[in-house]
There are 2 protein chains.
Amino acid sequence: MASRSSPRSVPSPQGELSPVDGLVQLSFLIQNALARRAAEHDLSLIQIRLLGVLRDREPNMNELAKLLELDKSSVSGLIDRAERRGLVGRVPSRADGRVVLVRLTDEGRALASKVAPRLEADVAKILGLLPATASEALTSGISRLLIAHAGEQRASL
Amino acid sequence: MASRSSPRSVPSPQGELSPVDGLVQLSFLIQNALARRAAEHDLSLIQIRLLGVLRDREPNMNELAKLLELDKSSVSGLIDRAERRGLVGRVPSRADGRVVLVRLTDEGRALASKVAPRLEADVAKILGLLPATASEALTSGISRLLIAHAGEQRASL
DNA sequence: TATTGTTATACTCTATAACTATA
DNA sequence: TATAGTTATAGAGTATAACAATA
């Protein structure tokens, strides 16, 4: 899988940085950290997400498409590739002959268990660049923001 | 360009959220907002970044590859597609016959000018979910983090 | 010879549309 | 007929390796 995207980052903050630019750059910083670590294991971000989703679920293709917000045909391909690598397996549903369940293989679970803590550590390290009080304040702000955003989303349904 | 990725998001925060998860989810939230808006104009994130980079620069292919942290062959393809859409142009350097300069066309500049404020507004809106004091604290934390990270990067060279 | 850029090739990821099989 | 999933097809985006042109 030599064509896996290589790690990449984004222009460093230079001079004055608007709040908006700050958020955007932070998002690139985090995503790049994740992608870089994932690439070490020859995984893309979407594959990492797939492994994460399957750690505590055994969804069918349709549910997986909703969870990942992809078209069902995209999920077919995603699972094809993951299956080819031995990370997941397709299991026919016994309740409904049309349905295919997707589950992690032992190998997939092992990989997920190996990579997840490293991803955590990467992000934790970035957060650790700040002194404890600042880091806690930042984390608290982010939590509030995410909660507010989740509320917004719910309200708009 | 019917195959452009559609907007997509990520699981909402549920229950307890670790600092690391918070940062990761925030990054997905921002990236999705950007991608969603970009998709409205049939642009991908990398194309948006390209337009942004070219707004105040006229780099050659090599410099562009460094700015975007892509392989030069990837940039060739990226510019091919953007050129085909009339967004950028290749200009041979007069100083060095090997060099090709890339610049926005009027159309590319117009598009960049139209999209940029919308992207800003999207992110500003997310930030606006917090009360002013919390939002300012968050922004300040992010700035400090980015500055610290930039310092790290420099130190490790 | 070294550098700049393109091309050939291959693979992932994504979508739309058409299809098959089951309900 | 409706639903679940796959397949055919197309295109963006990425990389490596080989190449051509210029310095």
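**A buried glutamine and the packing beyond**

Guide: Gln31(B) is buried, at a relative accessible area of 9% (buried is under 20%, exposed is over 50%, and partly exposed lies in between, using a 1.4 Å probe and protein chains only). Before going on, the ground rules: this is a predicted model, where local features need pLDDT of at least 70, side-chain atom pairs count only at pLDDT 80 or more, and totals for chains, interfaces and linings use all residues. Residues are numbered from 1 along each chain as its sequence is written, chains are lettered from A and ligands numbered from 1 in the order written, and side-chain values use heavy atoms, with hydrogens and water left out.

Back to our glutamine: Gln31(B) belongs to helix α1 (residues 19-40) of chain B (helices are DSSP runs of H or I with at least four residues, strands are E runs of at least two, both numbered from the N terminus). Skipping neighbours within four places in sequence, Gln31(B) has contacts with Ser27(A), Phe28(A), Gln31(A) and Leu45(B), where contact means heavy atoms within 4.5 Å.

Staying in chain B, helix α3 (residues 61-68) and helix α4 (residues 72-84) have axes that come within 9 Å and cross at roughly 100 degrees (axes are lines fitted to C-alpha atoms, for helices over the stretch in contact, with angles from 0 to 180 degrees between N-to-C directions). So α3(B) is roughly perpendicular to α4(B); that label covers 65 to 115 degrees, while under 35 is roughly parallel, over 145 roughly antiparallel and the rest oblique. On the α3(B) side you'll find Met61(B), Leu64(B), Ala65(B) and Leu68(B), facing Lys72(B), Val75(B), Ser76(B), Leu78(B) and Ile79(B) of α4(B).

Leu64(B) turns up again in the largest nonpolar core: of its 82 residues, Leu50(A), Leu64(A), Val88(A), Leu50(B), Leu64(B) and Val88(B) touch the most other members. (Such a core is a set of buried Ala, Val, Leu, Ile, Met, Phe, Trp, Tyr and Cys residues joined through side-chain atoms within 4.5 Å.) Not counting residues up to four places away in sequence, Val88(A) touches a list that includes Leu50(A), Ile79(A), Ala82(A) and Val102(A).

Over in chain A, helix α2 (residues 45-54) and helix α4 (residues 72-84) pack at about 80 degrees, axes 11 Å apart. That makes α2(A) roughly perpendicular to α4(A). Ile46(A), Gln47(A) and Leu50(A) meet Leu78(A), Ile79(A) and Ala82(A) there.
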